[in-house]
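This report describes a sheet, the helices around it and the aromatic pairs. The sequence and the model come first.

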Amino acid sequence: MKHYRHLFFDLDHTLWDFRTNSRETLRELVAAHGLLARGIPDAEAFIGVYEEINHRLWAEHGAGRMPKEVMRVLRFRSALQHFGVVDGRLPGKLSEEYLAQCPLKPALMPGAMELLDAVAGSHRLHIITNGFEDVQHVKLVHSGIAPRFDVVLTSERAGAAKPSAAIFAEALKRSGAKAAESLMIGDNADTDMLGARSAGWDQAHYHAETDPDPMATHRAVHHDELRRLLA
């Protein structure tokens with residue numbers, strides 16, 4: 001396999017186990033605020049509705065049609081309203097507590113730590129993430145992987161989100177890397193793979209939770225496969 005000097009990782013769903021950490025936080029919020037006594041049948045029902053709304057509003061934010069401050073509160077207000085809960089202050093309170101608690105969760109995707117340990121001595125490691133400055137750095141610190149990365153570039157800091165060519169160009173500029181010696185590793189075919197491919201980078205699609213991208217340079221369903229590929 002070609003040797004890549006620079007490995008650029010996506011964060012959520014690739015290294016940091018967003019689904020596990022987010023759902024644990026939401027269960028805690030449902031219990032702490034007594035939402036089952038207000039008409040929500042159970043925590044899993046609330047999580048299902050919240051995740052569907054959150055996915056749709058993130059797309060609106062990513063397209064530049066919704067500020068993050070609006071998106072962060074509206075996802076809770078809409079989920080509560082789905083169950084008939086109308087409370088003027090509660091959505092803002094839930095949003096505030098979610099943003100404070102979720103990034104502190106430490107769960108990583110299976111094999112992520114072992115992969116990072118295996119490649120840290122032979123490659124320079126970086127992060128490119130579609131996320132916000134005030135939460136993505138906290139996730140890295142509290143999951144124990146922050147010291148492994150030279151450059152951590154968020155879409156908020158770059159002023160552009162994957163798959164935009166602008167964020168990949170900014171990542172090369174900050175890291176001193178060249179496209180030909182860089183590999184983008186991520187779970188999202190529409191952002192990580194498409195963006196890197198359009199920028200002239202090789203890509204490794206980590207498809208533990210999705211269908212594999214047939215156009216990706218490399219594909220792996222578990223980080224152990226990537227570890228063997230990059231050894």
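## Sheet, helices and aromatic pairs

His6 has Arg124 of β2 as its bridge partner. Strands, in this report, are DSSP runs of E with at least two residues, helices are runs of H or I with at least four residues, and both are numbered from the N terminus. The model is predicted, so local features need pLDDT of at least 70 and side-chain atom pairs count only at pLDDT 80 or more, while totals for chains, interfaces and linings use all residues. Residues are numbered from 1 along each chain as its sequence is written, and side-chain values use heavy atoms, with hydrogens and water left out.

Strand β1 (residues 6-9) runs parallel to β2 and is joined to β2 by four bridges. Two strands count as paired if DSSP finds at least two bridges between them. The open sheet has six strands with parallel pairing, in the order β3-β2-β1-β4-β5-β6. At its edges are β3 and β6 (218-220), each of which pairs on one side only. On average, neighbouring strands of this sheet are turned by 20° against each other, direction ignored.

Helix α9 (residues 189-198) packs on the sheet, where α9 touches β4 (182-186) and β5 (202-206), and its direction makes about 165° with that of β5. Helix α10 (residues 223-230) lies across β1, β4, β5 and β6 and runs at about 140° to β6. Axes are lines fitted to C-alpha atoms, for helices over the stretch in contact, and angles run from 0 to 180 degrees between N-to-C directions. Contact means heavy atoms within 4.5 Å.

Helix α6 (residues 133-142) has Glu133, Val135, Gln136, Lys139 and Leu140 buried. Buried means under 20% relative accessible area, exposed over 50% and partly exposed in between, with a 1.4 Å probe and protein chains only. These buried residues of α6 pack against α1 (18-32), α3 (68-82), α4 (90-101), β2 (124-129), β3 (151-154) and α7 (155-158). Gln136 counts as buried because its relative accessibility is 1%. Its side chain makes a polar contact of 2.7 Å with that of Thr129. A polar contact is a pair of N or O atoms within 3.5 Å; within protein, one must be able to donate a hydrogen and the other to accept it, and residues adjacent in sequence count only if both atoms are side-chain atoms. Beyond four places in sequence, the contacts of Gln136 include Leu11, Asp12 and Thr154. Just after α6, Gly144 takes a positive phi of about 80°.

In α4, the buried residues are Leu90, Pro91, Leu94, Ser95, Glu97 and Tyr98. Their cover includes α1, α2 (43-62) and α3.

The structure holds 10 aromatic pairs. Rings of Phe, Tyr and Trp (its six-membered ring) pair if their centres lie within 6.5 Å; planes under 30 degrees apart count as stacked, over 60 as edge-to-face and the rest as tilted. Two of the pairs are tabulated.

| Pair | Centre to centre | Angle between planes | Class |
|---|---|---|---|
| Phe8 and Trp201 | 4.7 Å | 50° | tilted |
| Phe9 and Phe149 | 6.2 Å | 75° | edge-to-face |

Phe8 in strand β1 and Trp201 in the loop between α9 and β5 are 193 residues apart. Phe8 is buried at a relative accessible area of 0%, and Trp201 is buried at 2% relative accessibility. Phe9 and Phe149 are both buried. One aromatic cluster is formed by Phe46, Tyr50, Phe76, Phe83 and Tyr98.
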